[in-house]
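Work through the exercises below with the structure open beside you. Try each task before you read its solution.

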Amino acid sequence: MPLTTTAIGAFPKPDYLELPDWFGDPAGTDTTNPTGHWAEAVEKLGDELDGLLERATRDVVNDQVEAGVDIPTDGEMPRENYIHYHCRHLLGIDFDHLSDRDARAGDYLTRVPTSVGPISLGREYITTDWKRAQACTKRPVKITLPGPMTTADTTGDVYYNDDEKRGAAYADALNVAIRALADAGCKHIQLDEPVFVRYVPAVLEFGIENLERAFHRCPKSVTRTLHICCSYPGLLDATDCPKGPKEAYLQIAPDLDHSSIDAVSLEDAHRSNDNKLFEAFEKTTVILGCFDIGKSRVETVDEIRDRLRSVLQHIDVERLMVAPDCGLGLLGRGLAIEKLRNLSAAAKSI
């Protein structure tokens, strides 16, 4: 049976949408200033912004659909990165008071906004982003949001001084956004938690609990998706990316399988997983990363198909979906489309 395909989040911004993001920074996603120029660019675009966002979203959704993606995303067109755009809509986060942060277990040093008071959703915004994308296609559009632990790891803090409490506050704010999305009709909602491979004890102690908190009272009609890559490379074809340990997947898989998460997205193309990992998911759908988003080399249809057939020896076909390892912002439009086409062709040939 053909396997369902989806994207993970980011898509390269068209040149006419002059909003900065960390993929276009000279330092790439390793930039030490991930939020510095977004607000200025938004102000400069002024009344043109809404029209440009509609055009860009339509173009990137169409690119995904034409490449064969069954569940596209909005490409994260309004965002400077997948985390801090969400934070701009939270009360209690100060973008002028920046903190030096050793993120991802010390692998990245960056200057980030700071929690300075109680965190809550200040202005509901994400349903607008979803509706903009969903209007472009009859296929269901997935919306992505940064998970509580990853958001906490990529912001400073002078208020909570407690990772568990701060994560719970981020989860409560996410819950408001998620329930608004569900009420609007969104059927696929994804939380991104790449730091789950960095802090396994904390994940087991409270990280998964905060996912449950974020999805609390979310209707069963919504597919609750969790994305866990092992970190973006800094630049395309970089050779020294400080990836998180893929072995963490197996350590947290049993607890995730007993949670309310419906589907877990795992990186597999950059570094192939041991197939016993897929047997650890007895009820959860696995979204398998089938091409490397940090390499310009295009994986062939045969390579992707062979990997899928291997994994299908260890998981039921109805619980396997196909995706890239992560978002596509580093690739540029041409490479992103070429890789997606091969991914879709392989998935449809199973």
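## Exercise 1: A buried lysine and its partner

Lys339 has a relative accessible area of 1%, so Lys339 is buried. Keep in mind that this is a predicted model.

**Solution.** 
1. Check the cover of the partner. Glu299 has 11% relative accessibility, so Glu299 counts as buried.

## Exercise 2: Two further salt bridges

**Task.** How many salt bridges does a search of the whole structure find?

**Solution.** 
1. Begin with the count. The search finds 15 salt bridges.
2. Take Arg213 and Asp172. Their side chains meet at 2.6 Å, N to O. Arg213 is in helix H7 (residues 200-214) and Asp172 in helix H6 (residues 163-184), 41 residues apart.
3. Judge this pair against the cut-offs: buried is under 20%, exposed is over 50%, and partly exposed is in between.
4. Turn to Glu267 and Lys243. Their closest N and O atoms are 3.0 Å apart. Glu267 lies in the loop between strand E7 (263-266) and helix H9 (276-279), and Lys243 in the loop between E6 and H8, 24 residues away.

## Exercise 3: Aromatic rings

**Task.** Classify the ring pair of Trp22 and Phe23, then the ring pair of Tyr85 and Tyr125.

**Solution.** 
1. Seven aromatic pairs are found in a search of the whole structure.
2. Take Trp22 and Phe23. Their ring centres are 6.3 Å apart and their planes stand at 75°, so the pair is edge-to-face. Both residues are buried.
3. Take Tyr85 and Tyr125. Their ring centres are 5.5 Å apart and their planes stand at 85°, so this pair is edge-to-face. Tyr85 is in helix H3 (residues 84-87), and Tyr125 is in the loop between strand E2 (108-121) and helix H4 (126-134). The two are 40 residues apart and link distant parts of the chain. Tyr85 and Tyr125 are buried.
4. Widen the view. Trp22 and Phe23 belong to one aromatic cluster with Tyr82 and Tyr232.

## Exercise 4: Positive phi

**Task.** Look up phi for Ser231 and for Asp237. Where do these residues lie?

**Solution.** 
1. Recall the background. Most residues other than glycine have a negative phi.
2. Read Ser231. Its phi is near 105°, a positive value.
3. Read Asp237. Its phi is near 65°, a positive value.
4. Ser231 is in the loop between strand E6 (223-228) and helix H8 (248-257). Asp237 is in the loop between E6 and H8.
5. Look at their cover. Ser231 has 6% relative accessibility, so Ser231 counts as buried. Asp237 has 36%, so Asp237 counts as partly exposed.

## Exercise 5: A charged patch and a contact in space

**Task.** Which residues form a negative surface patch? And how far is Lys131 from Cys186 in sequence and in space?

**Solution.** 
1. Name the patch. Asp47, Glu48, Asp50 and Glu54 form it.
2. Zoom in on Glu48. Its place is the loop between helix H1 (38-45) and helix H2 (49-66). Glu48 counts as exposed because its relative accessibility is 53%.
3. Move to Lys131, in helix H4. Its relative accessible area is 47%, so Lys131 is partly exposed.
4. Compare the separations. Lys131 and Cys186 are 55 residues apart in sequence, and their C-alpha atoms are 8.6 Å apart in space.

How values were computed: Residues are numbered from 1 along each chain as its sequence is written. This is a predicted model: local features need pLDDT of at least 70, side-chain atom pairs count only at pLDDT 80 or more; totals for chains, interfaces and linings use all residues. Side-chain values use heavy atoms; hydrogens and water are left out. Patches are made of residues with over 30% relative accessible area and no salt bridge: like charges are joined within 9 Å, nonpolar side chains (Val, Leu, Ile, Met, Phe, Trp, Tyr) within 5 Å. Accessible areas come from the Shrake-Rupley method with a 1.4 Å probe; for residues, only the protein chains shown count as cover. A salt bridge is a side-chain nitrogen of Lys or Arg within 4 Å of a carboxyl oxygen of Asp or Glu. Lys and Arg count as positive and Asp and Glu as negative; His and the chain ends are not counted. The place of a charge is taken as NZ of Lys, CZ of Arg, CG of Asp or CD of Glu. Helices (H or I, at least four residues) and strands (E, at least two) are DSSP runs, numbered from the N terminus. Buried means under 20% relative accessible area, exposed over 50%, partly exposed in between (1.4 Å probe, protein chains only). Rings of Phe, Tyr and Trp (its six-membered ring) pair if their centres lie within 6.5 Å; planes under 30 degrees apart count as stacked, over 60 as edge-to-face and the rest as tilted.
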